[in-house]
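Q: Could you walk me through this model, starting with how its elements are assigned?

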Amino acid sequence: MSKKVTDPRFAHAEGYTAIAFGKSGQFVCTGGSDCLVRVFRAPKSERDQEAVTLEQHSDNVLSLAVSGGKVISGDEEGMVFSFDLGTSSVSGADGLSIEPSGTVLRSPLPARDTSIGNGDKQVAIATDDESVRIVSLLDMSLLHTLDGHRGAVNSVCYSPDSIYLASASCDGTVRVWDMRDGDPSC
């Protein structure tokens, strides 16, 4: 017996596409070379519903992070934006709604990756300038700049308990930062 395979969903124009699931598994976010962020319903019975499309970016979307009620997206131009889930500014079907909540960072270099941590209160941002920036999602203030790589930082990831933050660089190194104190250390 063969299973029926659902037709693929068109998300973006051809090119780079980033993807991240919401914690509940009820929606999936995508970002692409077309400068758009889209939020789709994940359950099979709801996949035909229209996606919520966000048009804040003016360059390729490279990174997405989703946690709790936040979606964070970063682009080739170095812009990182925050969106709140569950409000009513931009609405999709069945109450799925997202509202822009601010600019998290303006970097002169691409924002390669983002990771939300510390109880959804902060985001780590990997950029091409050899550092990781930690930004508060409460007031969008820069909390820390983590230096130590000798090449562009292309990936960041908080541990599930946010005690540690791992960063990977084009220089071939991985650094694990202890985030427990007010002064992160590696």
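A: Strands here are DSSP runs of E with at least two residues, helices are runs of H or I with at least four residues, and both are numbered from the N terminus. On that basis Ser 67 sits in strand β5, which covers residues 61-67. The model is a predicted one, where local features need pLDDT of at least 70 and side-chain atom pairs count only at pLDDT 80 or more, while totals for chains, interfaces and linings use all residues. Residues are numbered from 1 along each chain as its sequence is written, and side-chain values use heavy atoms, with hydrogens and water left out.

Q: Is Ser 67 buried or exposed?
A: Ser 67 is buried, because its relative accessible area is 5%, and buried means under 20% relative accessible area, exposed over 50% and partly exposed in between, with a 1.4 Å probe and protein chains only.

Q: And what is Ser 67 in contact with, leaving aside its neighbours within four places in sequence?
A: Ser 67 is in contact with Lys 23, Ile 116 and Asp 120, where contact means heavy atoms within 4.5 Å. Asp 120 belongs to the loop between β9 and β10 (122-127), and its phi is positive at about 65 degrees although the residue is not a glycine. With a relative accessibility of 25%, Asp 120 counts as partly exposed.

Q: Which other residue has a positive phi, near 75 degrees?
A: That is Glu 130, again a residue other than glycine, placed in the loop between β10 and β11. Glu 130 is partly exposed, with a relative accessible area of 36%.

Q: Switching to sheets, in what order do the four strands of the open sheet come?
A: The order is β1-β2-β3-β4 with antiparallel pairing, two strands being taken as paired if DSSP finds at least two bridges between them. β1 (17-21) and β4 (52-54) are the edge strands, each pairing on one side only. Neighbouring strands of this sheet are turned by 20 degrees against each other on average, direction ignored; the axes are lines fitted to C-alpha atoms, for helices over the stretch in contact, and angles run from 0 to 180 degrees between N-to-C directions.

Q: How many bridges are there between β2 and β3?
A: Five bridges pair β2 (residues 27-32) with β3 (residues 37-41) in the antiparallel sense, and Thr 30 stands opposite Arg 38 in β3.

Q: What do β11 and β12 form?
A: They form a hairpin with five residues between them, and Met 140 in the turn has a positive phi of about 65 degrees. Five bridges join β11 (residues 131-136) to the antiparallel β12 (residues 142-147), with Arg 133 bridging to Thr 145 in β12.

Q: How many salt bridges are there?
A: The count is six, a salt bridge being a side-chain nitrogen of Lys or Arg within 4 Å of a carboxyl oxygen of Asp or Glu. One of them joins Arg 41 to Glu 46, with the closest N and O atoms 3.6 Å apart, and both residues are buried. Another joins Arg 112 to Glu 76 at 4.0 Å between the closest N and O atoms. Arg 112 lies in β9 (residues 111-117) and Glu 76 in the loop between β6 (70-75) and β7 (79-91), so this pair ties together parts 36 residues apart in sequence.

Q: Which residues are linked with Arg 112 in a network of salt bridges?
A: The network links Arg 112 with Glu 76 and Asp 128.

Q: Where does pLDDT stay under 50?
A: That stretch is residues 87-93, for which the model has 19 contacts beyond four places in sequence; pLDDT is the predictor's confidence in each residue, from 0 to 100. The protein averages 87, and 89% of the residues score at least 70.
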